[in-house]
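Please have your viewer ready.

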Amino acid sequence: MKKIVLIGPVYPYRGGISHYTGLMCRELSKRFEVEMLSYKMQYPKILFKKEQRDYENDSFKIDNAKYMIHTANPFNIIRTARYIRKKKPDMVLVQWWHPYFAPCYILLAKFMGKQNLTFVCHNVFPHERFPLDKILTKMTLKNGKHFIVHAKEEEAELKQIMPNPNCQVTPHPSYNAFCFANMTKMQARTQLSLPQDEKVLLFFGFVRPYKGLKHLINAMPDIKERLGNVTLLIVGEFGNAEDKEGYVSQIKMLAASGSGLEASIIIYDGYTPDREVEKYFAASDMVVLPYESATQSGIVQIAYGFGKPVTVTEVGGLPDVVSHNRTGYVVPPQNKQALAEAIVRYFTEGKEEEFAKNIAAEAYRFSWERMGEVVEQWI
C-alpha cells in the first residue's frame, strides 16, 4: 500500500483547517497508509493570544496522530525531517495557509530529501498581506512538486510565483461531518428559542473586517421591511471587544430609525464548539457571506453539508462553488442593495425545495471521495 505523510493541524487544534486536515486524513486512510504529523507547537502565544486548542470537542480526533513539529524550533524541525526521510513515503502532503510556516517548511523540505512534496494551498497569500509575504511564500512553495487549490484565483496567485505549477483546482470539500444529530429545522429553532415561522439568516465564523458583516447589517432594514419576520444570527468570534462594539453600535444606530432592527439581529459571540455548529445551520434558511475579499471559504461547504443555500459576493473563489440561482446567489461585493435583493428574492420566489435539490445533486463535486481521487493521481 502506498504511504502518505500528512502534515497540518488536527484535533485538539481549533478552526476550519484543523477540521479539513482531519477529514482529509480519514478519507486518504481509505486508500493509503497515512501517517498524520501535527504540531507540538503551532503558533507562539506572542503571535496568537487566543486559545489554540479545544480538548472538549473530539469529533475530528485522529487516532495515532503524532504531535511532533515545533514550528519555531529548527532542531526539532530537522529531526522531524529526518524522521520523514526514514519513512520513505510516496507523498508528503502539507497544508499551507500562511507564510509564518515558511521557515519551518523550508527546513523540512531541505532535510527530508527529494520527496513527492504536495502542498494544499488554502491561501497562497495571506488574507492580510505584509512585507516579505510573497518572497516567503515563493521560497516555500518552490519546493513543491504538486499543488491543490480550491479556487481559480488561487491558481492565478500561484502562477505569480511559479510559471508552470503542476496544479489541480478542485472545490473545497463539504463539511457534512458537523451533522451529528441530524437535527430538523424545528428542533434547532426550539433549542435557539426562535419562532418556527421566522425567516432566519446566518452569518457564521470568525468576524473579521474583510468578511463584510457591516454590509449585511446595513441591508437588514430593507430586508426586514420587505419580508417582515426575519432574524439574522451572527455566530462567531470577534477579534476583540472593540470590534464587537463597533457592530453593536451600527445595529443600534440603524434601529434608532424605528425599524425594530435590534430585536431582529442576535449575536452569539465566541468560539463555537464542533457539536454546537449544527443547531445554527439547521435553524437557518440561508447562509450569507458578504465578504469584501476572499480566497475560498469552508463556510459555504458547511452550509451545503446541511443542504442550505448561500448568498455570496463575487470575490475570490466564492463564485466557483456557488451556482447562481441554483444553489444560491452571487452578488457584487460591498453592495447592500444587491444583498437585500437576493435574500428577498429567495423567500418571495419560494426557492427552498428547488435549491436543496440542486445542492444535493452536486454532492460528488464537493465530496471528500473526489479529493481522494485528486491526490491519488500523483502517487
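## Strands, helices and a few buried side chains

Ile7 stands opposite Val94 in β4. That pairing belongs to a parallel arrangement in which 4 bridges join β1 to strand β4 (residues 91-96); two strands count as paired if DSSP finds at least two bridges between them.

Before going on, a word on the source: this is a predicted model, in which local features need pLDDT of at least 70 and side-chain atom pairs count only at pLDDT 80 or more, while totals for chains, interfaces and linings use all residues. Residues are numbered from 1 along each chain as its sequence is written, and side-chain values use heavy atoms, with hydrogens and water left out.

On its other listed pairing, β2 meets strand β3 (residues 66-70) in the parallel sense over 4 bridges.

Here are residue pairs that you can pick out in these strands:

| Residue | Opposite residue | Strand of the opposite residue |
|---|---|---|
| Lys3 | Glu33 | β2 |
| Val5 | Glu35 | β2 |

**The whole chain.** The protein has 14 helices and 13 strands; helices (H or I, at least four residues) and strands (E, at least two) are DSSP runs, numbered from the N terminus. Its C-alpha trace spans about 65 × 40 × 40 Å along the principal axes. The radius of gyration is 21 Å, which agrees with the value near 21 Å for a compact globule of 379 residues; it is taken over C-alpha atoms, and the globule rule is 2.2 Å times the number of residues to the power 0.38. Of the 379 residues, 56% are buried. Among contacts (heavy atoms within 4.5 Å) with a separation of 6 or more, 74% join residues 24 or more positions apart.

Thr80 sits in helix α2 (residues 74-87) and is buried, at 2% relative accessible area. Leaving aside residues up to four places away in sequence, Thr80 touches Leu37, Met68, Ile69 and Leu108. Ser367 is in the loop between α13 (352-361) and α14 (368-376), and its 17% relative accessibility makes it buried as well. A polar atom of the Ser367 side chain lies 3.1 Å from the backbone nitrogen of Arg370.

**The cysteines.** How many disulfides does a search of the whole structure find? It finds 0, a disulfide being a pair of cysteine sulfur atoms within 2.5 Å. The cysteine sulfur closest to that of Cys121 belongs to Cys167 and is 7.3 Å away, so the two are too far apart for a bond. Cys121 is buried at 0% relative accessible area, and Cys167 counts as buried at 17%.

Methods: Buried means under 20% relative accessible area, exposed over 50%, partly exposed in between (1.4 Å probe, protein chains only). A polar contact is a pair of N or O atoms within 3.5 Å; within protein, one must be able to donate a hydrogen and the other to accept it, and residues adjacent in sequence count only if both atoms are side-chain atoms.
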